[in-house]
Amino acid sequence: MAETYETAVEKERVILLAVELTESVEYSLDELEELAETAGAETVGRLVQKREAFHPGTYIGKGKMDELREMVVRLSADTVVCDDELSPAQITNLQDELECRVIDRTVLILDIFAAHARTSEGKLQVELAQLRYRSSRLIGLGKVLSRLGGGIGTRGPGEKKLEMDRRLIKERIATLNRQLKDVVQSRDTMRRQRSLSQTPTVAIVGYTNAGKSTLLNTLTEASVLEEDKLFATLDPTTRALELENGQKILFTDTVGFISKLPHQLIKAFRSTLEEAKYADLILHVVDASNTEYERQMEVVYDTLKELGVVDKPVLTVFNKIDCVDEGEKDSLKDLKSDGFVQISAKHSQGLDLMLEEIERYLNAGFVHIEKVIPYADAGYLQKVRQYGKLEKEEYREDGIFVKASVPPSLV
């Protein structure tokens with residue numbers, strides 16, 4: 001009988017590198033370590049340099065470069081991950097100095113998105129973001145590789161590799177943009193259909209790993225993937241929930257936000273992220289157990305502003321309240337939102353109060369009616385149940401007496 005051998009995939013060993021300009025970067029490095037872990041790497045060390053500005057050529061200064069080079073050898077590191085987005089020259093110079101692979105935070109996040117994209121739309125968006133990032137970082141040996149100039153020696157059979165790469169990437173970006181344009185139109189059509197149905201929509205937004213998918217699953221049994229990892233789910237999911245009074249609400253889960261979210265991703269995922277722009281209410285889910293929850297909330301608000309999501313009512317939901325000490329619960333507040341509640345999505349704690357608040361916000365513009373509906377128009381009663389709040393119904397000789405709050409369009 002042949003012998004069997006167990007083989008284990010070795011994790012990539014990485015060193016985290018950051019430049020501290022004004023405030024501490026420890027929290028950012030902790031998050032970078034989580035990102036590296038999500039990407040399947042093992043963090044073996046970290047190095048921070050305090051500077052007034054990033055070194056234009058190598059990101060860090062010469063003294064720290066010597067220290068980092070020694071760390072790479074001593075810790076047998078495969079890769080150095082920088083906490084900021086680097087220029088092509090900085091990456092090239094660092095790799096020449098360290099003789100190992102160097103990537104930045106943007107590449108790490110793009111890699112995680114590529115691994116977690118499941119739908120065709122998600123894969124298209126990730127590939128587009130990756131190509132936009134790479135196209136701005138294609139570098140060659142100056143003018144030596146160019147065939148675009150005139151003169152003797154510049155004419156020849158075909159393109160150089162750098163120019164061919166640029167052309168291929170440009171063509172692929174154009175193809176992806178066309179395909180995504182169709183996806184955007186499809187998503188706009190679905191939004192219009194939801195708008196015509198008059199069913200109110202609630203967009204669930206928040207920092208990555210705040211518990212948005214868990215909340216959606218608990219409310220609607222959506223079966224969305226739940227993992228204690230950054231960016232576990234990328235593809236938006238919309239599910240309906242029927243309240244006790246018969247009113248229907250659509251909940252849409254969106255892509256999680258993170259500090260220093262690459263602009264390429266915001267641009268590529270704009271159609272997905274804009275679900276919040278067209279919602280009737282923003283449900284801002286916050287991980288209350290995270291010591292940096294206030295910083296995370298600021299990132300969410302900044303990203304929403306960048307997406308043009310303004311003048312929307314926001315209900316802040318402090319999640320994972322079961323992991324917060326009793327004495328600290330009273331300090332959980334959000335003065336930028338229209339209100340806040342405390343819940344535990346995992347243990348279904350505080351959800352009834354949250355739904356009451358959601359109902360109150362969505363019904364704020366409703367019109368109160370007291371009306372007798374003829375039996376011939378009894379179908380109208382079902383619309384009241386579905387889109388409004390039915391308070392009383394009484395069957396009389398001349399029809400059904402209805403006391404309810406409904407959207408103005410139904411009056």
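I began with pairing: two strands pair if DSSP finds at least two bridges between them. My helices (H or I, at least four residues) and strands (E, at least two) are DSSP runs, numbered from the N terminus. The model is predicted, so I held to its limits: local features need pLDDT of at least 70, side-chain atom pairs count only at pLDDT 80 or more, and totals for chains, interfaces and linings use all residues. Residues are numbered from 1 along each chain as its sequence is written, and side-chain values use heavy atoms, with hydrogens and water left out.

**Entry: the sheet.** I looked up strand S3 (residues 79-82) and found it paired with S4 in the parallel sense, over four bridges. Thr79 has Arg101, in S4, as its bridge partner. Both strands belong to an open sheet of four, in the order S2-S1-S3-S4, with parallel pairing. Strands S2 (41-50) and S4 (101-104) stand at the edges with a single partner strand each, so one side of each is left without a neighbour in the sheet.

**Entry: helices on the sheet.** Here contact means heavy atoms within 4.5 Å. Axes are lines fitted to C-alpha atoms, for helices over the stretch in contact, and angles run from 0 to 180 degrees between N-to-C directions. Helix H2 (residues 62-74) lies across S1, S2 and S3, at about 165° to S2. I found helix H3 (residues 88-98) lying across S3 and S4, at about 150° to S4.

**Entry: the core.** Which residues touch the most other members of the largest nonpolar core? Among its 62 residues, they are Leu68, Val80 and Leu94. Strand S1 (residues 12-20) gives the most to this core, with six residues. A nonpolar core is a set of buried Ala, Val, Leu, Ile, Met, Phe, Trp, Tyr and Cys residues joined through side-chain atoms within 4.5 Å. Buried means under 20% relative accessible area, exposed over 50%, partly exposed in between (1.4 Å probe, protein chains only).

**Entry: an aromatic pair.** Rings of Phe, Tyr and Trp (its six-membered ring) pair if their centres lie within 6.5 Å; planes under 30 degrees apart count as stacked, over 60 as edge-to-face and the rest as tilted. I counted three aromatic pairs by this rule. Phe318 and Phe340 make an edge-to-face one, 6.2 Å centre to centre with 75° between the planes. Phe318 lies in strand S9 (residues 314-319) and Phe340 in strand S10 (residues 339-342), so the pair ties together parts 22 residues apart in sequence. Phe318 is buried, at 0% relative accessibility, whereas Phe340 is partly exposed at 36%.
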